[in-house]
Structures are given as C-alpha cells and as structure tokens.
Amino acid sequence: MSGFDRSRVVGVSDEELDEYTCGICLEVFVNPVVTQCCQQTYCHECIHNWLSENNTCPNDRKKLRPRGVSPAPRVLVNLLNKMKVKCDFYANGCESVVKMHELSQHIEYCDYNANRKCKTCHLAIDGNTQHNCIDNLLIQNQSLRNDNQRLKAKNNKLSMKGVISLARKDLDNYEVRSKSRMSSSEVNKCIERSQEMIILLTVVNKK
Ligand SMILES: [Zn+2]
Ligand SMILES: [Zn+2]
Ligand SMILES: [Zn+2]
Ligand SMILES: [Zn+2]
C-alpha cells in the first residue's frame, strides 16, 4: 500500500475524500502524479508499480509509458499537504491531529514514539533508559571529538601523499639532470635516495 490511510484523515467527508483517493491502492494520494492520456491521478509509487508490469493506462487501457506520467498540479499537492491527519501513533494513544506536511516532524518528537527525539536536546531517546539531556550531550560531544580526530588523521595521510608525489617529482628532475651536467654516479645516488624515500613513505602511509 503506497497511499495514506483514509481513516486517518480528519474533517473531510467520505464523498470529498474520494476526490483524493488513488484508484490503485484506494487510499489518499502520496506523491500524486497525473496520466497524460486521461488526466487520472495516482500515487507515484502505485502507477510506477503498475507500469512495471503493464504498458497500458489502468483507467482507459490506452498505451502508457512511465514518461507519459507527470507530477500532479501544485494546487492538489497543497490541498493534500494541508489535510489534517491523525498521528501514526494514534492507536498507542496519541491524540494529535496535524497537517499532512507536518506529520513527519510531529512523529520525530511524538511522546508515543519509542524512537523519538528529545524536544530539549534534539537527540534520539533510547526507550529503555531514563533520558538525560546532559549525559546525551556529553556522549555526542565525545563522538564529535572522535570524528574530529579521525578527520585529522585522514588529513595527515593526505599530506603524506603530497610528500610522496614531491619525492617522485624530485626523482624525475634527477633523471632530467642526468642528461646534462651531473656525473652518473651522483645521479644514481640521488635516484637511489629518492626511491628509498618513496618506499619509506609508502610504508608509513599504509599504517
Ligand atoms: Zn495509490
Ligand atoms: Zn489513461
Ligand atoms: Zn503523535
Ligand atoms: Zn534531551
């Protein structure tokens, strides 16, 4: 089922609700789209599921491809957004009625949601333990600090890469110079040293 449970809509007559009901899932439109062939409205998910198995419109049986479906007019989306609906947790006792587009935010903080966020510190509440804002903020602070340290370590590795590429450039330069004025033993020594440096840095970088 992709549509929104009709029985959770408040203050709209059944007759009026039919205008907002998807012909496939028989619930209220979610992400409504319109068919170009006959201007019928369906949930985005419903019509695309249908079209993955059929190549005709469910309403008039004319040929219909996914690109023959376009987003519903803004005015319909606005009407749906303003519809008043019961909370997901009304069966658990939540009596809140909110606008459709405010529902997800309400659920995030709803007192009847075991995985809700705290209204004060905005951190997730673990249903099994007594929530304490200060403790949670301290834990979050620590994990941010750890993230920061990881980032610093990553940056160090990056600069190590820079050193390696510099060493490689040096090596190239020695090779160029070998064709001009440096003696061959001198050049070889330089190349050797650079190669050692690259190996050393590669090993360090891997750690
Ligand atoms: Zn639907
Ligand atoms: Zn059609
Ligand atoms: Zn609620
Ligand atoms: Zn808190």
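**Salt bridges**

Mentor: Asp88 is partly exposed, at a relative accessible area of 39% (buried is under 20%, exposed over 50%, partly exposed in between; 1.4 Å probe, protein chains only). The model is predicted: local features need pLDDT of at least 70 and side-chain atom pairs pLDDT 80 or more, while totals for chains, interfaces and linings use all residues, and side-chain values use heavy atoms, without hydrogens or water. Residues are numbered from 1 along each chain as its sequence is written, with chains lettered from A and ligands numbered from 1 in the order in which they are written.

Trainee: With which residue does Asp88 form a salt bridge, and how far apart are the closest N and O atoms?

Mentor: In general, side chains of opposite charge can pair when their charged atoms come close. Here the partner of Asp88 is Arg8, and the closest N and O atoms are 2.5 Å apart (the criterion is a side-chain nitrogen of Lys or Arg within 4 Å of a carboxyl oxygen of Asp or Glu). The pair links distant parts of the chain, 80 residues apart: Asp88 belongs to the loop between β5 (84–86) and β6 (97–99), and Arg8 to the segment before β1 (9–10). Helices (H or I, at least four residues) and strands (E, at least two) are DSSP runs, numbered from the N terminus. In contrast to the partly exposed Asp88, Arg8 counts as buried at 11% relative accessibility.

Trainee: How many salt bridges does the structure hold, and which residues are linked in a network?

Mentor: The structure holds six salt bridges. Arg6, Asp14 and Asp18 are linked in a network of them. Asp14 counts as exposed, at 57% relative accessibility.

Trainee: Where do Arg150 and Asp147 lie relative to each other?

Mentor: Both belong to helix α5 (residues 133–178), three residues apart, which is about one turn of the helix. Arg150 is exposed, with a relative accessible area of 55%, whereas Asp147 is partly exposed at 36%.

**Strand pairing**

Trainee: In what order do the strands of the open sheet run?

Mentor: Strands of a sheet pair through backbone hydrogen bonds, either parallel or antiparallel. DSSP must find at least two bridges between two strands for them to pair. The open sheet has three strands in the order β1-β5-β6, with antiparallel pairing. Because β1 and β6 stand at the edges, each with a single partner strand, one side of each is left without a neighbour in the sheet. The antiparallel pairing of β1 and β5 extends over two bridges, and Val10 stands opposite Lys84 in β5.

Trainee: Which strands does Val34 face across its bridges?

Mentor: Val34 stands opposite Thr41 in β3, and in β4 its bridge partner is Ser70. The pairing of β2 with β3 is antiparallel and made by three bridges; β2 and strand β4 (residues 69–71) are likewise joined by three bridges and run antiparallel. The hairpin of β2 and β3 has five residues between the strands, and Gln39 takes a positive phi near 55° there.

Trainee: Are the faces of strand β2 covered or open?

Mentor: Both faces of β2 (residues 32–35) are covered: Pro32 and Val34 on one side, and Val33 and Thr35 on the other, are all buried. Thr41, in strand β3 (residues 41–43), also counts as buried, at 16% relative accessibility.

**Zinc sites**

Trainee: Which residues coordinate the zinc ion (ligand 1)?

Mentor: Donors are N, O and S atoms within 2.8 Å of the metal (3.2 Å for Na, K and Ca); water is not among the atoms, so sites may look incomplete. Cys22, Cys25, Cys43 and Cys46 each provide SG to the zinc ion (ligand 1), at 2.3 to 2.4 Å. Their spacing along the chain is C-x2-C-x17-C-x2-C. Cys25, in the loop between α1 (14–18) and β2, and Cys46, in helix α2 (residues 44–53), link distant parts of the chain, 21 residues apart. Cys25 is buried at 17% relative accessibility, as is Cys46 at 5%.

Trainee: Why is the arrangement around the zinc ion (ligand 1) tetrahedral?

Mentor: Four donors count as tetrahedral if all angles lie between 85 and 135 degrees. The arrangement is tetrahedral because the four donor atoms around the zinc ion (ligand 1) subtend angles of 106 to 112°.

Trainee: What are the protein donors of the zinc ion (ligand 3)?

Mentor: They are Cys87 (SG), Cys94 (SG), His106 (NE2) and Cys110 (SG), lying 2.1 to 2.3 Å from the ion. The spacing of these residues in sequence is C-x6-C-x11-H-x3-C. The four donor atoms around the zinc ion (ligand 3) subtend angles of 102 to 114°, so the arrangement is tetrahedral. Both His106 and Cys110 are buried.

Technical notes:
Four donors count as tetrahedral if all angles lie between 85 and 135 degrees; four count as square planar and six as octahedral if opposite donors are over 155 degrees apart and all others between 65 and 115; anything else is irregular.
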